[in-house]
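Have the model open beside you as you read.

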Amino acid sequence: MQSETARWASLAVIVLFVLSAALSLRGDQPPASVGIDAPATVFSASRAATVLARVLGDEQPHPTGSAANARVRDRIVAELARIGVQAQVQRRFACGASTCATVENIVARIPGTNADQAVLLAAHYDSVGAGPGASDDGAGVATLIESARALLAGPPLARDVWLLASDGEELGLIGAEAFVREPEFTRIATVINLEARGTRGASLLIETQPGNAQIIAALRRALPRASGSSLDYEIYRSLPNDTDFTVFSREGREGLNFAWAKGAARYHTPLDNLAHLDRGSLQHHGDNALAMTRELAGRAPSATADSAGGVAQDAVFFNLFGATVAAWPVMLNPFLLALGLALWLALGVRLVRRGSRTATLAFASIAVLALLAVLAGLGWGVHVLLQALGAMAAMWTAQSALLVATFVALALPPMLLGGYAVQRWCGLPALALATLLPFAIVAAAAVAAMPGASYLGLLPLLAAGICAHLVLGRPVLWSAVAAVVAAGLWFPYAVDSYPAIGHPGLPATTLLSGVIVLPLLPALLSLRRAVWALALAGVAVTFACALLALARPAFDADVPRPANLLYAGDSDAARLYLKPLATMPVGFMRQAGFADVSRPVTAWLGWGYPSANGPTLPAPSLQVESDGIRDGRRHIAIRVTSTRNAKEGGLVLPGDIDVASIRVQGQALAPSRWHAEPTRWRRIALVGLPLEGAVFEFETAPGRNLEVYGYDRSAGLPPVMEPAARARDAVAMPIHGGDSTIAWQRIEVAATPQSQK
Ligand SMILES: [Zn+2]
């Protein structure tokens with residue numbers, strides 16, 4: 001009878017575990033789209049999509065400086081006028097971290113009762129060269145317009161709301177750099193930025209800024225079910241991504257950066273179009289932007305200024321089952337950790353008093369860590385194997401769901417087998433105690449080094465620790481509590497590591513799945529024979545999903561194979577290069593006339609698969625305008641002129657040139673964290689190169705020989721190369737900047753100045 005009850009209890013916690021894992025994914029779901037007939041004060045994705053369709057028109061790529069971008073600019077101004085908002089176009093020359101351009105920011109104000117500490121709603125309207133940018137960031141701009149309409153339909157707010165549709169983001173945050181120098185920016189206290197790195201998914205809070213406890217408190221008031229977490233923020237910070245928010249944050253503004261990140265295979269490709277834009281994601285952007293604007297701009301400025309006193313705190317926060325956002329101040333972390341570790345150690349002491357041997361408990365803990373290490377190795381090995389078999393043809397492929405299922409299921413059999421062995425050798429209490437160790441380690445490491453991730457370790461540890469001291473004699477139950485909590489917090493990250501970082505994230509899927517299922521092992525093993533059926537099912541699902549993934553085409557109408565064409569050379573020789581970001585179909589290279597091996601295009605242009613020589617390119621002209629010693633430093637000014645009227649031109653300098661000394665048409669580059677990264681070459685660009693060329697200046701130590709390249713770049717390929725582009729289009733799509741033609745000229749700057757300025 002007793003064992004029958006225990007069996008039912010095991011089944012119950014297993015059901016709870018599955019439920020927790022399933023519900024955890026709700027925090028990652030965008031809401032349903034709201035229809036066109038919704039009340040005027042409500043954000044409607046249907047209305048926003050209609051606006052976006054008009055703004056994008058024929059859905060041409062519209063990078064900064066293009067005629068298509070000027071048309072998009074005019075349509076945005078017209079859409080704002082349609083809702084009664086008078087927008088201003090600020091045409092400015094500005095520089096990002098490496099590229100300068102003349103940008104045209106669209107700026108408008110919705111007056112509140114007070115002009116101070118205004119809220120800025122920001123999104124960029126320029127696209128990359130390869131695609132129309134319906135999600136990135138047309139959706140953000142449409143959200144701005146529909147939010148403004150909804151705000152104007154309601155009562156006036158306490159503070160001004162500024163709208164910024166920025167230009168030049170894709171070239172390197174240039175519009176944002178221009179805007180932070182405008183007098184309007186001094187009025188801005190808080191920024192809500194809208195972005196996308198994909199075509200669907202929840203509009204996640206991916207970024208705030210240090211000292212975010214206050215704004216997270218505001219978030220919880222206005223958006224009780226907001227998606228995103230302090231872990232997302234930690235992950236985002238560790239990735240080499242920047243948005244306009246980077247600039248606003250650098251300038252000391254607090255705020256929230258919302259972005260969706262699923263459907264990343266279509267990011268910066270022709271398929272980032274209206275057809276692939278998820279209306280639910282758009283609705284989520286709007287719900288976030290409108291609610292946060294009303295919350296932040298709805299409060300009188302003085303009230304916030306008062307409460308902002310004292311030391312700014314960071315918050316740990318996360319979405320729980322799509323139902324609520326939980327949060328606590330980071331300063332609580334050490335206390336929570338101490339409590340969790342004390343509970344865990346006391347648990348060990350009590351188990352020893354009950355007859356467990358200390359050595360056995362220690363051995364079980366080491367065995368569990370070894371098991372996770374084996375699992376990590378297995379995940380890595382299967383990834384290598386599937387890659388060798390051709391299943392990872394690009395960062396993201398159409399096999400994504402099958403691959404994620406493969407790597408989740410892969411965790412189950414070894415965990416069951418390993419758990420069985422540990423339980424046989426060490427006994428149930430030792431296994432149960434050991435399954436909490438990874439959470440203790442994660443909690444301690446995160447509290448020390450990555451506070452935003454601390455909840456992943458702290459909560460399972462605390463929940464199981466408290467429960468264990470209440471029902472010490474039921475290890476199956478108290479360890480399962482950790483599993484149920486962990487499933488609710490960890491599972492979204494287990495299944496989303498592939499959508500987030502591509503196929504290299506798949507081994508993490510297996511490891512995270514293993515950590516989640518670990519504390520459930522005592523319950524699973526209590527199922528006796530059924531557990532082996534479960535292990536076999538795990539093996540079967542792993543193989544079935546892997547085989548189906550291998551059988552399925554990697555690319556289809558919704559998941560493009562990314563590959564750019566580059567026509568590059570100088571006045572001596574030029575040729576076409578294929579620069580694929582995916583494996584190409586068998587036979588394509590030879591049929592399309594590309595070599596089988598890639599080689600460097602030139603010293604600073606990366607690698608590509610060359611074809612036969614084509615017509616030479618007229619090289620840009622480089623003219624040393626001045627070269628002299630100034631304050632012990634050698635100052636060189638070079639004029640770069642495109643002899644073929646290319647829209648972009650610049651210099652490629654040795655990587656150790658002092659970035660702070662660089663000037664483009666007299667303008668310094670914007671400060672950036674990337675300037676500290678070592679690089680062999682530093683490419684400085686001007687988009688919108690004048691016919692008479694542009695002057696690039698830099699300083700170097702006297703007495704040094706310099707190798708410098710001048711280059712120009714135009715979008716697209718020479719007409720004679722169009723057959724190759726058509727051949728590529730049959731199997732692949734351009735990505736990011738798209739196809740381009742680059743010509744260069746190399747010059748040696750002699751060790752001694754040729755002239756004195
Ligand atoms: Zn963007």
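Start at aspartate 556 and arginine 552, whose side chains form a salt bridge with an N to O distance of 3.7 Å. The term stands for a side-chain nitrogen of Lys or Arg within 4 Å of a carboxyl oxygen of Asp or Glu. Aspartate 556 is partly exposed at 32% relative accessible area, and arginine 552 is partly exposed with a value of 32%. Here buried means under 20% relative accessible area, exposed means over 50%, and partly exposed lies in between (1.4 Å probe, protein chains only).

A word on what you are looking at: this is a predicted model, in which local features need pLDDT of at least 70 and side-chain atom pairs count only at pLDDT 80 or more, while totals for chains, interfaces and linings use all residues. Residues are numbered from 1 along each chain as its sequence is written, and side-chain values use heavy atoms, with hydrogens and water left out.

By the salt-bridge rule the count comes to 31. Another of these joins aspartate 74 to arginine 73 at 2.9 Å, N to O. Aspartate 74 is partly exposed at 45%, whereas arginine 73 is buried at 15%. Both belong to a salt-bridge network that links Arg73, Asp74, Arg91 and Glu104.

Now find aspartate 116 and arginine 187, which meet in a salt bridge at 3.2 Å, N to O. This pair links distant parts of the chain, 71 residues apart: aspartate 116 sits in strand β3 (residues 114-124), and arginine 187 in the loop between α5 (174-179) and β5 (188-196). Helices (H or I, at least four residues) and strands (E, at least two) are DSSP runs, numbered from the N terminus.

Next, zoom out to the domains, whose bounds come from an automatic or database domain assignment. That assignment gives domain 1 (2-26 + 331-551), domain 2 (50-301 + 312-321) and domain 3 (561-757). The C-alpha centres of domain 2 and domain 3 are 31 Å apart. Between these two, 28 residues of domain 2 are in contact (heavy atoms within 4.5 Å) with 22 residues of domain 3. The rule finds 1 salt bridge across this interface. On the domain 2 side, β1 (88-95) and β2 (99-110) each supply at least two of the residues that touch domain 3, and β2 gives the largest share, 4 residues.

Finally, visit helix α13 (residues 400-409), where Leu403, Val404, Thr406, Phe407 and Ala409 are buried. These buried residues pack against α12 (358-388), α14 (412-426), α18 (475-501), α19 (506-517) and α21 (529-551).
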